[in-house]
Amino acid sequence: MIRYSIYIVDDDPAIRDSLTTALEGSYEVRAFSSGEDVIEELARNLPDLMLLDIGLPGKNGIDVLQDARDLCPETLVVMITAHEDVSTAVSAMRLGAYDYIVKPLSLEGIELSVRKALDTLRLRKEVNILQEKHLIENVPFFIGESDVIRDVTEFIGLVAKSTTTPVLILGETGTGKELIARAIHFRSTNFIGPLVTVNCAALPKDLIESELFGYEKGAFSGAKASGKRGWVQEAEGGTLFLDEVGDLSPEAQAKLLRFLEDGEFYRLGGTEKLHVQTRVISATNKDIEDLIRRGLFRDDLYYRLGVVKMLIPSLNERRDDILPLAKHFLVKFGRDFGKEFSGIAPKASAALKDYDWRGNVRELKNLIERGVLVGKGKELTLQDLGIGSSGKEPILEQERHEPWFPPILPEGIDFSSVQESFEKYYIEQALTLAGGNETRAAKLLNMNHHTFRYRRKRLRIQ
Ligand SMILES: Nc1ncnc2c1ncn2[C@@H]1O[C@H](COP(=O)(O)OP(=O)(O)OP(=O)(O)O)[C@@H](O)[C@H]1O
Ligand SMILES: [Mg+2]
């Protein structure tokens with residue numbers, strides 16, 4: 001069992017002695033007679049708990065508390081205060097003290113207060129461990145050596161201190177916006193609550209509102225008889241991630257604005273005012289200021305969503321990140337596909353550094369994944385990557401033997417059979433690239449494994 005350490009700071013020797021006697025049986029106790037002495041010690045050793053007299057001569061208890069917040073933010077501080085000075089103790093709590101006890105001290109009062117504080121400390125530590133575990137499981141590390149990646153990491157740390165401030169993430173497709181949103185969620189205390197991701201672009205416009213805010217029974221034809229909770233409600237106590245927020249309809253924008261202003265909303269067809277607390281993170285790869293100019297996005301909503309804003313530069317603007325990312329993905333997919341690569345061949349590295357990454361990190365990730373699939377192992381070569389040595393245009397398999405699409409004839413065509421041959425072509429291609437492995441093939445098409453199997457079966461592809 002760990003023995004917690006407690007520092008007692010009081011100029012009165014009688015109090016120091018009685019506290020030490022009361023606590024040293026169960027804890028590691030040290031006593032200090034002045035603020036200066038304990039500050040000097042805090043620069044070296046950090047206690048779990050500090051019992052701190054307010055009325056110290058010289059540096060007083062409030063000064064010591066403020067220094068301690070910087071020196072040992074995790075240490076809990078319980079103020080010791082004279083009866084007539086309780087209001088100072090209350091302001092000390094505003095400055096970050098955990099609790100206060102009033103003189104004259106009773107032994108029971110002290111033991112209770114110390115036990116309560118240390119229980120809190122233990123819980124906090126447990127929560128931290130749990131949070132680290134969730135982070136590792138849910139958020140991959142940000143790879144990169146550019147200043148951008150350093151700023152992004154710092155930004156996430158800052159934003160995660162709040163649980164409600166809305167965050168807007170801007171950047172081209174594939175730059176890592178969703179990754180940042182996840183990291184903010186799991187770094188903040190909201191990680192205990194749900195992370196609900198809504199892709200505003202993937203839903204038909206007239207459904208977004210009812211999906212977001214829910215609906216009452218009979219709200220529209222086709223509505224479920226029971227009514228439905230919306231995503232906003234599902235995200236209670238956690239994070240609501242609105243991806244592709246630039247695609248919201250004007251009606252949904254108006255409702256979202258109202259919700260952001262006071263946390264209140266109505267279900268579609270509902271009259272009851274609902275209230276939910278959640279953090280809204282939104283992202284878009286659209287030029288949102290241009291949308292505002294064209295009257296497609298409300299500027300008041302833009303300001304509400306973007307109380308804190310982050311713009312992630314494209315990969316082309318931070319080329320220092322390319323090789324570290326490529327190596328990271330090489331190891332990752334090598335492990336996934338059970339192939340070992342020693343590294344990336346010099347010509348391939350040069351081409352990657354030169355390449356025009358219009359799809360940003362996602363394109364790089366896909367390219368490496370494909371390279372690992374088709375590569376023979378050892379070094380990853382230009383040929384595995386399927387890009388030209390100038391690093392400009394990819395020469396992908398598809399372009400070498402392109403599928404043929406029949407033109408529409410005057411008497412019309414059989415659309416479903418064209419569609420079938422199109423599906424068949426890609427499923428076969430993916431299977432070939434994946435060496436017959438269905439899971440990998442489905443992944444190449446960004447298709448759910450079950451969907452893939454279903455289609456493969458229906459098209460009778462061997
Ligand atoms: N710095 C990074 N380190 C490691 N992986 C990254 C990094 N940046 C992006 N990725 C990975 O690249 C892929 C694309 O990132 P993400 O989905 O977050 O992009 P996005 O900005 O949301 O794109 P879109 O606008 O198309 O939705 C993901 O697999 C993500 O994990
Ligand atoms: Mg995204």
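From which domains does the lining of the second largest pocket draw at least three residues each? In this predicted model, the answer is domain 1 (5-130) and domain 2 (139-313). The space in this second largest pocket comes to about 390 Å³. Its lining is formed by Arg124, Val127, Asn128, Gln131, Glu132, Leu135, Gly157, Ala160, Lys161, Arg187, Ser188 and Thr189. Helix α5 (residues 107-138) is the main contributor, giving six residues. By class, three lining residues are nonpolar, five are polar and four are charged.

The largest pocket holds about 1,500 Å³ of space. Its lining comprises 49 residues. Those nearest the pocket centre are Val361, Arg362, Glu363, Lys365 and Asn366. Two or more lining residues come from each of α6 (147-159), α7 (177-187), β10 (239-243), α13 (322-336), α15 (360-374), α18 (415-433) and α19 (438-444). Of the elements, α15 supplies the largest share, with eight residues. The lining of the largest pocket divides into 24 nonpolar, 11 polar and 14 charged residues.

How values were computed
Residues are numbered from 1 along each chain as its sequence is written. Chains are lettered from A and ligands numbered from 1 in the order in which they are written. This is a predicted model: local features need pLDDT of at least 70, side-chain atom pairs count only at pLDDT 80 or more; totals for chains, interfaces and linings use all residues. Side-chain values use heavy atoms; hydrogens and water are left out. On a 1 Å grid over the protein atoms alone, a cavity is a set of points where a 1.4 Å probe fits but cannot get out, and a pocket is an open set with protein on both sides within 12 Å along at least five of seven lines; lining residues have an atom within 4 Å of a point. Grid points are joined across faces, edges and corners, and a volume is the space filled by probe spheres set on the points. Helices (H or I, at least four residues) and strands (E, at least two) are DSSP runs, numbered from the N terminus. Ala, Val, Leu, Ile, Met, Phe, Trp, Tyr, Cys and Pro count as nonpolar, Asp, Glu, Lys and Arg as charged, and the others, Gly among them, as polar. Domain bounds come from an automatic or database domain assignment.
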